[in-house]
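Please read these comments with the structure open beside you. They are set out as numbered points.

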Amino acid sequence: MSTSQAAAQASTPLRRLAAHSTTTCAAQASTYGKCILATYTDVKKDVCKAEFEQFGRCLRDAMKRKW
């Protein structure tokens, strides 16, 4: 069974979200995390907004639900 199949078969929405955030959207999560890590000492509004939006879009697409 592939990781995307395992994520799709998770029983609750929260488990599906956790599975998708660590498998399907791992690249976007990593990019967002690196941005946060690089700028956490100089916090400003919307510093990592683009990375966060890409990560959120990936999760929404993976969860097949439009929030």
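1. Which side chains meet in a salt bridge? The model is a predicted one, and in it the side chains of D42 and K44 make this contact, with 3.5 Å from N to O. The pair qualifies because the cut-off for a salt bridge is 4 Å between a side-chain nitrogen of Lys or Arg and a carboxyl oxygen of Asp or Glu. The count under this rule is one salt bridge.

2. How exposed are the two partners? D42 is partly exposed, because its relative accessibility is 44%. K44 has a relative accessibility of 53% and therefore counts as exposed.

3. A nonpolar patch lies on the surface, formed by I36, L37 and Y40. Together these residues have about 340 Å² of accessible area. One of them, L37, belongs to helix 3, which covers residues 26-39. L37 counts as exposed because its relative accessibility is 60%.

4. Where is F52 placed? F52 sits in helix 4, which runs over residues 49-63. Its relative accessibility is 48%, so F52 is classed as partly exposed.

5. F52 can also be located relative to C35. In sequence, F52 and C35 are separated by 17 residues. In space, their C-alpha atoms are 9.3 Å apart.

Technical notes
Residues are numbered from 1 along each chain as its sequence is written. This is a predicted model: local features need pLDDT of at least 70, side-chain atom pairs count only at pLDDT 80 or more; totals for chains, interfaces and linings use all residues. Side-chain values use heavy atoms; hydrogens and water are left out. Buried means under 20% relative accessible area, exposed over 50%, partly exposed in between (1.4 Å probe, protein chains only). Helices (H or I, at least four residues) and strands (E, at least two) are DSSP runs, numbered from the N terminus. Patches are made of residues with over 30% relative accessible area and no salt bridge: like charges are joined within 9 Å, nonpolar side chains (Val, Leu, Ile, Met, Phe, Trp, Tyr) within 5 Å. Accessible areas come from the Shrake-Rupley method with a 1.4 Å probe; for residues, only the protein chains shown count as cover.
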